[in-house]
Amino acid sequence: MSFIEDLMSSFFMDHIRQKTGSLSDTIMLKLSEPISNTACGSAVDEMEGCQDNSAALTLKIVAISAILIAGVCGVGIPLVGKKHRFLRTDSNLFFAAKAFAAGVILATGFVHMLPGATSSLTNPCLPKSPWSKFPFAGFIAMMAALATLVVDFVGTQYYEKKQEKQNQKDQTDSADLVSESAIVPVEPKPRNEILFGEEEGGAIHIVGMHAHAAHHRHSHSHEHGDVREHSHGHSHSHSFGGGDEEGGVRHVVVSQVLELGIVSHSIIIGVSLGVSESPCTIRPLLVALSFHQFFEGFALGGCISQAQFSSMRSTVMATFFAITTPLGIAVGIGAASSYDPHSPRALVVEGILNSISAGILVYMALVDLIAADFLSKRMSCNTRLQVVSYFALFLGAGLMSLLAIWA
């Protein structure tokens, strides 16, 4: 009996040990899922199908050079060309080219950034809860767009108040000069001739109406050409805060927020290219990013040019944009041996940053680039410019969307 009891005891103990071991393995697997650094699924298949470290490194060096040149040319053309008549920011050619660039940025946000963020945050490598239970990519993009609206509004208010103080100082100095020269200024027109929606300070805070208000004030100032002191003071006091197409508060804020959105996703795509060891992945990215960098730079350069920054500040902003993606590639090359872009942690970080970039770019493209130009007085008064600009807008969005087939 003792032998049978020992045998039964041993059998049940082994069974218990087996169950306990399998349970502990399951628990450890669940706990390790969120911080796993192993590549999975399509990533492994991709690395096995097309992986050549030496060829990939050569392509990365070529990509750094090509993307740097494309970025410098894109952001530099509007800044250098503003001194030439056909490339000035008030020319029809620049207006149409800016519409094309706005289409590129819009497609970047909708077709490249947002789907990429959704793919990262719903990747099978991530735990189903909470990543598959809630559309985090769209939610984060929406919150980023709303946050951009707040920054846009607060920044505009800040620069308007700053400019208003400067205008008051200029008016005081102008009044002193008038009194010294014994010239009596002409009284301004009655307030009943002010545009509907115009505020006491002369500015209209409605998207798309800035150019119309600026056009009205410009015409009003030139009606008094016989008294140059008054006409100059009147137009100068509103040109910056009122939405003049040549520059102003809107362009100052837009250029800075747009650069923030572009730079944030440029770092991501640069690092992603830098850590890749697959020539099959890098080749299409090289062409797509060069095209993308050129026209994003053109849109940003146009905003910087219209903001009328100093030469030093414009150069710093342009340089910072141009080197961001190549710098991201260089960082990716250095971290390629230790960084796994397909680990859950990397997927979460990349998905969140892509979502934020998508929200910023979509807001900036729709509100500050497309709406501000296409709802302006200049566009409504020029049918030919309307046709060309709409064609350029859809062409830019279509071509950038088409690149999603390869990148």
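Here are some questions and answers about this predicted model.

Me: What share of the contacts with a separation of 6 or more comes from residues 24 or more positions apart?
Reply: Some background on the chain first: of its 407 residues, 43% count as buried. As for contacts with a separation of 6 or more, the share from residues 24 or more positions apart is 84%.

Me: Are H9 and H10 roughly parallel or antiparallel?
Reply: H9 covers residues 249-275 and H10 covers residues 279-307, and their axes sit 9 Å apart at an angle of about 165°. The crossing is left-handed, and the contact residues divide into 15 nonpolar, seven polar and two charged. The pair is therefore roughly antiparallel.

Me: And how does H9 sit against H11, roughly parallel or antiparallel?
Reply: H11 is residues 311-335, and its axis comes within 5 Å of the H9 axis, crossing at roughly 20°. The cut-off to keep in mind is 35 degrees, since angles under that count as roughly parallel. So H9 and H11 are roughly parallel.

Me: Which hand does the crossing of H9 and H11 have?
Reply: On the H9 side the meeting residues include Ser-266, Gly-270 and Gly-274, and on the H11 side they include Thr-324, Gly-328 and Gly-332. Sorted by type, the residues of this contact come out as eleven nonpolar, nine polar and two charged. The H9 and H10 crossing was left-handed. For H9 and H11, the crossing is right-handed.

Me: Which loop is Ser-276 found in, and is Ser-276 buried or exposed?
Reply: Ser-276 is found in the loop between H9 and H10. Leaving aside neighbours within four places in sequence, Ser-276 is in contact with Ala-56, Lys-60, Thr-281 and Ile-282. Its relative accessibility is 12%, and the cut-off is 20%, so Ser-276 counts as buried.

Me: Lys-60 lies in H3: is Lys-60 buried or exposed?
Reply: H3 spans residues 53-81, and Lys-60 lies in it. Not counting residues up to four places away in sequence, Lys-60 touches Leu-273, Gly-274, Val-275, Ser-276, Glu-277, Ile-282, Ile-329 and Ile-333. With a relative accessibility of 2%, Lys-60 counts as buried.

Me: How far apart in space are Asn-92 and Leu-385?
Reply: Asn-92 is found in H4, residues 92-121, and at 40% relative accessibility it counts as partly exposed. In sequence, Asn-92 and Leu-385 are 293 residues apart. Leu-385 is still one of the residues that Asn-92 touches, along with Arg-378 and Asn-382.

Me: Which side chain makes a polar contact with the side chain of Asn-92?
Reply: Asn-92 touches Arg-378, Asn-382 and Leu-385, setting aside residues up to four places away in sequence. The polar contact comes in at 2.8 Å, and the partner is the side chain of Arg-378.

Me: How do H4 and H12 run, roughly parallel or antiparallel?
Reply: H12 is residues 344-374, and it packs with H4 at an angle of about 155°, with the axes 8 Å apart. Their crossing is left-handed, and the contact residues split into 21 nonpolar, eight polar and three charged. With the cut-off at 145 degrees, H4 and H12 are therefore roughly antiparallel.

Me: Is the peptide bond from Ser-129 to Pro-130 cis or trans?
Reply: Most peptide bonds are trans. Pro-130 is found in H5, residues 128-131. Omega for the bond from Ser-129 to Pro-130 is near 10°, and the bond is cis.

Me: What is phi of Gln-308 near?
Reply: Most residues other than glycine have a negative phi. Gln-308 lies in the loop between H10 and H11, and at 53% relative accessibility it counts as exposed. Its phi is positive, near 60°.

Notes: Residues are numbered from 1 along each chain as its sequence is written. This is a predicted model: local features need pLDDT of at least 70, side-chain atom pairs count only at pLDDT 80 or more; totals for chains, interfaces and linings use all residues. Side-chain values use heavy atoms; hydrogens and water are left out. Axes are lines fitted to C-alpha atoms, for helices over the stretch in contact, and angles run from 0 to 180 degrees between N-to-C directions. Helices (H or I, at least four residues) and strands (E, at least two) are DSSP runs, numbered from the N terminus. Angles under 35 degrees count as roughly parallel, over 145 as roughly antiparallel, 65 to 115 as roughly perpendicular and the rest as oblique. A crossing is left-handed if the near helix is turned anticlockwise from the far one by less than a right angle, and right-handed if clockwise. Ala, Val, Leu, Ile, Met, Phe, Trp, Tyr, Cys and Pro count as nonpolar, Asp, Glu, Lys and Arg as charged, and the others, Gly among them, as polar. Buried means under 20% relative accessible area, exposed over 50%, partly exposed in between (1.4 Å probe, protein chains only). Contact means heavy atoms within 4.5 Å. A polar contact is a pair of N or O atoms within 3.5 Å; within protein, one must be able to donate a hydrogen and the other to accept it, and residues adjacent in sequence count only if both atoms are side-chain atoms.
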